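The sequence and the structure come first.

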Amino acid sequence: MKPSTISPKFMFVSMAIAIAALSRLFPHLPNFTPVAAIALFGGALMPDKKSAFLIPFGAMFLSDLFLGFSASTLPVYLCFAFTVLIGLALKNKVTVISIAAGSLVSSTVFFLVTNLPIWYTSISLYPNTFLGLMQSYTAALPFYRASAMGDLFYTTILFALFSLAQKSIPALSKSKA
């Protein structure tokens, strides 16, 4: 986008994503982060697919430069991309129920995908059997609870702030993004 064509909506959504990403750098409860909310928000409100991926991924990557990368970075980013896709699917159907459902689906997929490597790479912790897999997921349930709560919390904040801003700033409603 050329600077002269950047809409107020694009600027607002981009700034909200950047601020949410910055909040990852402050102390917080384990797994209670804005990561999925950033992806869902960007996917649902950015003007095109390129921006929907680029802005949230850029914000996530910049905050990860400070937080560090780990062996689970690839599965985390794949789940992040999946959440952007959920947001894109909701683009014209942004309702409280669709956003809450998208957030919970995202949390669940994140839990299942990112905990799977714990099971198959931690032979000493869990046997490589179906029972071992279930034990691994069961042990991770407290992390899922915190993650889902964080996802719902930050998703609510981002979408509610945008909704309130639309009522106060008419240009946010008029522009596509």
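Leucine 131 counts as exposed, at 56% relative accessibility, where exposed means over 50% relative accessible area, buried under 20% and partly exposed in between, computed with a 1.4 Å probe on protein chains only. The model is a predicted one, in which local features need pLDDT of at least 70 and side-chain atom pairs count only at pLDDT 80 or more, whereas totals for chains, interfaces and linings use all residues. Residues are numbered from 1 along each chain as its sequence is written, and side-chain values use heavy atoms, with hydrogens and water left out.

Leucine 131 is found in helix H6, residues 130-139; helices are DSSP runs (H or I, at least four residues), numbered from the N terminus. The buried residues of H6 are Gly132, Leu133, Ser136 and Tyr137. They cover an arc of only 135° around the axis, taken from the directions from the helix axis to the C-beta atoms, and this puts them on the same side of H6. An α-helix has 3.6 residues a turn, so residues three or four places apart point the same way. The face of H6 turned away from the buried side carries the exposed residues Leu131 and Thr138. Among the elements that cover the buried residues of H6 are helix H5 (96-121) and H7, contact being defined as heavy atoms within 4.5 Å.

## Two nonpolar cores

A nonpolar core is a set of buried Ala, Val, Leu, Ile, Met, Phe, Trp, Tyr and Cys residues joined through side-chain atoms within 4.5 Å. The largest one has 31 residues, and those with the most contacts inside it are Val13, Ile17, Phe41, Leu45 and Phe159. At least two residues of this core come from each of helix H1 (8-23), helix H2 (35-45), helix H3 (49-67), helix H4 (73-90) and helix H7 (141-168), with H2 giving the most, 8 residues. Not counting residues up to four places away in sequence, isoleucine 17 touches Ile38, Phe41, Gly42, Met46, Ile55, Pro56 and Ala59.

A second, separate core has 6 residues, including Trp119, Leu133, Tyr137 and Ala140.

The whole structure contains 1 salt bridge, defined as a side-chain nitrogen of Lys or Arg within 4 Å of a carboxyl oxygen of Asp or Glu. Aspartate 64 forms a salt bridge with arginine 24, and the closest N and O atoms are 2.9 Å apart. The pair links distant parts of the chain, since aspartate 64 lies in helix H3 and arginine 24 in the loop between H1 and H2, 40 residues apart. Both aspartate 64 and arginine 24 are buried, the relative accessible area of aspartate 64 being 5%. Aspartate 64 also touches Phe69 and Tyr77.

## Aromatic pairs

A search of the whole structure finds 13 aromatic pairs, in which rings of Phe, Tyr and Trp (its six-membered ring) have centres within 6.5 Å, and planes under 30 degrees apart count as stacked, over 60 as edge-to-face and the rest as tilted. Phenylalanine 61 and phenylalanine 69 form a tilted pair, 5.6 Å centre to centre with 40° between the planes. The pair of phenylalanine 153 and tyrosine 154 is edge-to-face, because the ring centres are 5.1 Å apart and the planes are at 85°. Phenylalanine 153 is partly exposed at 40% relative accessible area, whereas tyrosine 154 counts as buried at 17%. One aromatic cluster is formed by Phe12, Phe41, Phe159 and Phe162.
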